[in-house]
Amino acid sequence: MNTYRRTRRYLYLTLLLVLLVTVSGCGASPGGGATAEYPGGRAIKMIAPAAPGSGWDTTARALAQVLQSEKLINHPLPIENQPGATGAVWLSTMVTQHKGKDDVIALTSLPIMSNELRGDSPYGYKDVTMIARMITEYYMVAVPENSQYKDLNALLDAIKKDAGAVPVGAAGDDRLPFALLVKAAGGDPQKINFVSYEGGGEQIAALLNGDIKAAVAGVSEFRGQIEGGKMRGLAVLKDERLTEPLADIPTAKELGYDVTLGNWRGIYGPPGMSQAAVTYWQDTIEKALQTDAWKEQAAKNQWETTYMEGDELTQYLDRTYQAMQTAMKDTGEIQ
């Protein structure tokens, strides 16, 4: 009898210990409330820190569409546009108002570096939780279909002759590739008449209205207008040409300008985001990028899927930051 009671008591204590461990494992984590079931059905906001039609907006909506259509998430993923200073406004909000939280992620790319280097933001990629790099998108120079500039040489010659007479539309991070082209052509990058726009929609409207003579942005921002016959691509800053239906656009290298520059694009979270949330998004995004649905989106937008996370991503970001700093000094954008 005593043996039976001791055995029963031992089994009871063992069961109690298992229950306690299970409950504690599902509790809130120090990083902002993530649980073993993160996100537990609650909505997670995805921020595109620019206007509709921008590269960030296009990427956010493509990713959300794939995550939902492929049933890789079972929670709401509303997308919010939060434009301002080429991502710097939202970056500040993320750092100062969402620290330690897990309920928001955001798109980012080169401006998280260039804004800090330029002094337009006190924050950079080291001030947030970098989750993953998703894609690389290459820059393109474009003009209206009826532009007087029939090729890149004509445009750059006009800028060398009278830069003020040739306004060029570019968001903050898009100025650098065009400055490198002007320098390669023998012009003065500091004399370029840049007109800043928050996103592709505004920039395209200005271009078609005649407010600017040319524009530079990621390929996906101009793709629709070029395919529709309203704009022409003068050059892409890529080692090899794009694929159809944009394969007739020459590379800058083909035209004699040794300039190539891609814009990485990825996802970040607030500083102090829990490891549970980081791992969840890394695993989920990596699965999404392997689907046929994503491959169709990437092909349509001429994106190269270049997934990175962890130490590999950290090393890549550090190298890219140094390369950006050197390029911006070379073009006179920073000292």
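**Aromatic pairs and a helix contact**

Mentor: This predicted model holds five aromatic pairs.

Trainee: Which kind of pair do F178 and F194 form?

Mentor: A pair of aromatic rings is described by the distance of the centres and the angle of the planes. For F178 and F194 the centres are 6.2 Å apart and the planes stand at 70°. Planes over 60 degrees apart count as edge-to-face, so the F178 and F194 pair is edge-to-face.

Trainee: Where in the chain do F178 and F194 lie, and how many residues apart?

Mentor: The pair links distant parts of the chain. F178 is in helix α6 (residues 175-184) and F194 is in strand β6 (residues 194-195). They are 16 residues apart.

Trainee: Is F194 buried or partly exposed?

Mentor: Buried means under 20% relative accessible area. F178, at 0%, counts as buried. F194 has 23% relative accessibility, so F194 counts as partly exposed.

Trainee: What is the arrangement of W294 and W303?

Mentor: W294 counts as buried at 0% relative accessibility, and W303 as buried at 6%. Their ring centres are 5.6 Å apart with planes at 25°, so the W294 and W303 pair is stacked.

Trainee: How is α2 oriented relative to α9?

Mentor: The axes of α2 (residues 55-69) and α9 (residues 275-289) come within 10 Å and cross at roughly 90°. That makes α2, relative to α9, roughly perpendicular.

Trainee: Which residues of α9 make the contact with α2?

Mentor: The contact residues divide into six nonpolar, one polar and no charged. From α2 come L63, V66 and L67. From α9 come W281, T284, I285 and A288.

Key: Residues are numbered from 1 along each chain as its sequence is written. This is a predicted model: local features need pLDDT of at least 70, side-chain atom pairs count only at pLDDT 80 or more; totals for chains, interfaces and linings use all residues. Side-chain values use heavy atoms; hydrogens and water are left out. Helices (H or I, at least four residues) and strands (E, at least two) are DSSP runs, numbered from the N terminus. The expected span of a helix is 1.5 Å times one less than its number of residues. Axes are lines fitted to C-alpha atoms, for helices over the stretch in contact, and angles run from 0 to 180 degrees between N-to-C directions. Angles under 35 degrees count as roughly parallel, over 145 as roughly antiparallel, 65 to 115 as roughly perpendicular and the rest as oblique. Contact means heavy atoms within 4.5 Å. Ala, Val, Leu, Ile, Met, Phe, Trp, Tyr, Cys and Pro count as nonpolar, Asp, Glu, Lys and Arg as charged, and the others, Gly among them, as polar. Rings of Phe, Tyr and Trp (its six-membered ring) pair if their centres lie within 6.5 Å; planes under 30 degrees apart count as stacked, over 60 as edge-to-face and the rest as tilted. Buried means under 20% relative accessible area, exposed over 50%, partly exposed in between (1.4 Å probe, protein chains only).
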